[in-house]
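Thanks for coming. Please have the sequence and the coordinates open.

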Amino acid sequence: KNAVSSSNEGDGLSAIYAVDGDSSTRWSSTWSDNQWIFVDLGSEKHVSTVEFIWEAAYASQYSVQVSSDGENWRTVNTISNGNGGVESVDVNTNARYVKMQGIKRSTEYGYSLYEMNVYGY
């Protein structure tokens, strides 16, 4: 799938690596809050759960947002106490685009995801 992010920490850390099915690659943002990544599912689908597999630099606060057009976003769940590791977030909605909108980082580094898996379609 296609993925887009607000920033990339460097070469080899772009958004596509968070949706490539390879847990040895990752997306990493620049070192500031309010960074995001979204995936394009190609067409509108039912989405039940979004799974985040975080590297050590995870989001302690973030929201999961969805869109039909990639421009108008709707928040379907907000996590205010993220713990990193593997986190599954229930969303139960229809969407073409699914976004992790970082609110607060857990470390001084950026947001870093090994994988962002979307389930339910």
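Leaving aside its neighbours within four places in sequence, which residues is Lys 99 in contact with? Before I answer, a word on conventions. This is a predicted model, in which local features need pLDDT of at least 70 and side-chain atom pairs count only at pLDDT 80 or more, while totals for chains, interfaces and linings use all residues. Residues are numbered from 1 along each chain as its sequence is written, and side-chain values use heavy atoms, with hydrogens and water left out.

Now the answer. Contact means heavy atoms within 4.5 Å. With those sequence neighbours set aside, Lys 99 touches Trp 36, Ile 37, Phe 38, Ser 63, Val 64, Gln 65, Trp 73 and Met 116. Lys 99 belongs to strand S6; strands here are DSSP runs of E with at least two residues, numbered from the N terminus. The lysine is buried yet has no salt bridge. Buried means under 20% relative accessible area, exposed over 50%, and partly exposed in between, with a 1.4 Å probe and protein chains only. A salt bridge would need a side-chain nitrogen of Lys or Arg within 4 Å of a carboxyl oxygen of Asp or Glu. The nearest side chain of opposite charge is Asp 69, 9.7 Å away; for charge, Lys and Arg count as positive, Asp and Glu as negative, and His and the chain ends are not counted.

Two of those contacts lead to the aromatic rings. Rings of Phe, Tyr and Trp (the six-membered ring for Trp) pair if their centres lie within 6.5 Å; planes under 30 degrees apart count as stacked, over 60 as edge-to-face, and the rest as tilted. The whole structure has eight aromatic pairs. One of them is Trp 36 with Phe 38, stacked at 5.6 Å centre to centre with 15° between the planes. Phe 52 and Trp 54 have ring centres 5.8 Å apart and planes at 25°, so that pair is stacked as well. Trp 36 is partly exposed at 22% relative accessible area, whereas Phe 38 is buried at 12%. Both Phe 52 and Trp 54 are buried. Ring pairs also link Trp 36, Phe 38, Trp 73 and Tyr 97 into a cluster.

Next, the core. A nonpolar core is a set of buried Ala, Val, Leu, Ile, Met, Phe, Trp, Tyr and Cys residues joined through side-chain atoms within 4.5 Å. The largest one has 26 residues, and Val 50, Phe 52, Tyr 62 and Val 98 touch the most other members. Two or more residues each come from S3, strand S4 (59–67), S6 and strand S7 (112–119). S3 gives the largest share, seven residues. Beyond four places in sequence, the contacts of Val 50 include Val 64, Val 98 and Met 116.

How is S7 placed? Six of its eight residues are buried, so S7 is largely enclosed by the rest of the structure. Strands pair if DSSP finds at least two bridges between them. S3 and S7 are antiparallel over six bridges, with Ile 53 opposite Glu 115. S2 and S7 also run antiparallel, joined by two bridges, and Ser 28 stands opposite Ser 112.

Last, backbone angles. Most residues other than glycine have a negative phi. Asn 34, in the loop between S2 (27–28) and S3 (36–54), has a positive phi near 60°. Asn 92 has a positive phi near 45°, but lies in strand S6 (residues 86–105) and is exposed, at 59%.

Key. Helices (H or I, at least four residues) and strands (E, at least two) are DSSP runs, numbered from the N terminus.
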